[in-house]
Amino acid sequence: MVLADLGNQLSSALRSLNETTIVNEDTINQLLKEVGNALSKSDVSMSLIIQMRKNIKEKVKLDQMAAGLNKRKIIKQVVFDELIRLLDPGVPLWKPTKGKSNVVMFVGLQGAGKTTSVTKLAYFYKKKGFSTAIVCADTFRAGAFDQVRHNAAKAKIHYYGSETEKDPVVVARTGVDIFKKDGTEIIIVDTSGRHKQDSELFEEMKQIETAVKPDNCIFVMDSSIGQAAYEQATAFRSSVKVGSIIITKMDGNSMGGGAISAVAATNTPIIFIGTGEHLTDLELFDPSTFVSKLLGYGDMKGMLEKIKEVIPEDSTSLKEIAQGKFTLRSMQQQFQQIMQLGPIDKLVQMIPGMNQLPQLQGNEGGLKLKAYINILDSLSEKELDGKKPITQKRIITIAQGSGRHPNEVVELLEQHKAFEKIIGNKGGPGGGLGSLLAGK
Ligand code: GDP
């Protein structure tokens with residue numbers, strides 16, 4: 001089950017809680033069954049699911065809840081927290097130090113996405129203002145150096161490798177020394193992967209580790225292995241000091257949830273997830289943001305960061321949102337700003353509720369956003385500011401004016417209602433964007 005499906009199933013289980021007239025033990029059991037089924041389809045291990053269900057049952061004590069409490073909201077919050085706990089090893093993420101050389105060593109099996117992730121990470125830190133370089137110590141796979149050379153050149157990142165030296169330890173040490181001498185802040189060493197966890201590979205890794213003394217050793221694994229990630233991560237951890245993990249190919253495969261939860265169970269923090277083949281398809285992993293996005297509550301913090309990059313803090317739209325208000329005009333402004341931030345499909349997922357719409361998955365997201373902007377541009381000033389309700393007759397006229405189908409106008413208005421709820425902090429757990437902006 002791809003992540004979007006997992007998200008849809010989890011949110012649908014939580015939504016069905018709203019549809020029941022009374023909330024009792026049966027309701028909770030049914031909800032836990034649905035949540036468990038969804039996680040199991042994503043290859044989350046049975047023992048983790050059982051533990052999660054136990055935790056939820058312990059925290060939700062219906063008979064001890066005072067009358068008048070919003071039971072549905074409490075249950076949703078507990079499920080939300082437990083989903084985060086499932087994916088969170090609770091270990092702080094490694095951060096490089098500015099102004100000194102940080103050596104990062106990559107390990108992983110062949111095909112896991114190691115070399116691709118090396119360049120993505122170098123690019124990520126370069127964008128953050130660090131001087132970065134890559135050392136290709138994979139002398140095992142023919143073409144590995146060429147791949148690094150090609151990727152690094154594309155991303156305008158310095159690199160080192162050798163066509164003739166066959167000893168990876170020598171290449172690693174030489175490269176790291178060169179870049180340390182010139183004060184490069186992030187030096188990433190790519191090592192070779194093999195088809196399986198063979199002892200020769202582990203021995204070579206240990207030797208490189210001794211030679212370059214990494215500040216962080218990142219283990220890269222392919223998410224399609226699902227819960228088998230536990231065993232693989234444990235095996236690598238027992239050979240070298242794995243400090244962080246990158247899980248790749250989280251776009252479009254079915255076992256992502258299983259892989260992340262299995263890794264969390266090894267107490268090693270996942271630092272990034274790979275979400276595509278492009279240079280920028282690398283996302284910092286934060287369990288709470290991940291679950292938020294999965295359930296369609298959006299990535300409020302990520303969104304806020306992005307928005308702040310392009311709009312001044314004193315803009316009316318941000319001020320309004322901070323007060324928990326969200327007019328169609330605010331929506332129009334947000335969408336226009338989002339369009340400037342590109343790649344749209346990734347950003348659309350940050351918007352609360354957007355992942356609920358199947359037509360917004362993938363590249364379609366950008367087209368949909370453009371359609372919404374066209375519709376918003378056809379509204380009157382009063383409609384934009386929420387001073388005049390939009391009637392059925394107006395929906396038809398707006399659709400004609402914007403060249404869109406009336407259903408899309410209705411969809412947009414529904415979407416606006418959903419946003420309004422979340423922004424006013426009436427929506428899902430995680431706090432509204434309004435309260436986040438107001439710093440509450
Ligand atoms: P390595 O052998 O571990 O160095 O693996 P590579 O970096 O050569 O990657 C193997 C394949 O996986 C390549 O085709 C990459 O483009 C692809 N790949 C790597 N990361 C991702 C990812 O996050 N998403 C997708 N869809 N493909 C990826």
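User: Let's start with helix 10: which of its residues are buried?

Analyst: This is a predicted model, and in it the buried residues of helix 10 are G256, G257, G258, A259, I260, S261, A262, V263 and A264. That makes nine of its nine residues, so the helix counts as mostly covered.

User: And helix 9, which of its residues are buried?

Analyst: Burial here is a matter of counting neighbours: a residue is buried if 20 or more other C-beta atoms lie within 10 Å of its own. In helix 9, residues 229–239, that picks out A229, Y230, Q232, A233 and F236. Looking down the axis of helix 9, you find these buried residues within an arc of 170°, so they line one face of the helix.

User: What do the buried residues of helix 9 pack against?

Analyst: Their partners are strand 1 (102–108), strand 5 (216–222), strand 6 (244–248) and helix 10 (256–264). Strand 6 is itself mostly covered, with four of its five residues buried.

User: Now the sheet. In what order do its strands come?

Analyst: The general idea is that strands of a sheet pair through backbone hydrogen bonds, either parallel or antiparallel. Here eight strands make an open sheet in the order 3-2-4-1-5-6-7-8, with mixed pairing. Strand 3 (158–160) and strand 8 (282–284) are at the edges with a single partner strand each, so one side of each has no neighbour in the sheet. From one strand to the next, the twist averages 25°.

User: How many bridges join strand 5 and strand 6?

Analyst: Five, and the two strands pair in the parallel sense. V135 has Y160 in strand 3 as its bridge partner.

User: Which strands does helix 7 lie across?

Analyst: Helix 7 (residues 168–181) lies across strand 1, strand 2, strand 3 and strand 4 (186–191), and it runs at about 165° to strand 2. Helix 8 (residues 199–212) also packs on the sheet, touching strand 1, strand 2, strand 4 and strand 5, and its direction makes about 180° with that of strand 1.

User: Last one, the ligand: which residues come nearest?

Analyst: Of the 17 residues around the ligand, those are G113, K114, T115, T116 and G274. Helix 5 (residues 114–127) gives the most to this shell, with three residues. Sorted by class, the shell has one nonpolar, eleven polar and five charged residues.

Terms used: Residues are numbered from 1 along each chain as its sequence is written. This is a predicted model: local features need pLDDT of at least 70, side-chain atom pairs count only at pLDDT 80 or more; totals for chains, interfaces and linings use all residues. A residue is buried if 20 or more other C-beta atoms lie within 10 Å of its own, exposed if 12 or fewer, and partly exposed in between; C-beta atoms are placed from the backbone. The arc is that of the directions from the helix axis to the C-beta atoms. Two residues are in contact if their C-beta atoms, placed from the backbone, lie within 7 Å. A residue is near a molecule or strand if its C-beta atom, placed from the backbone, lies within 6 Å of it. Ala, Val, Leu, Ile, Met, Phe, Trp, Tyr, Cys and Pro count as nonpolar, Asp, Glu, Lys and Arg as charged, and the others, Gly among them, as polar. Two strands pair if DSSP finds at least two bridges between them. Axes are lines fitted to C-alpha atoms, for helices over the stretch in contact, and angles run from 0 to 180 degrees between N-to-C directions.
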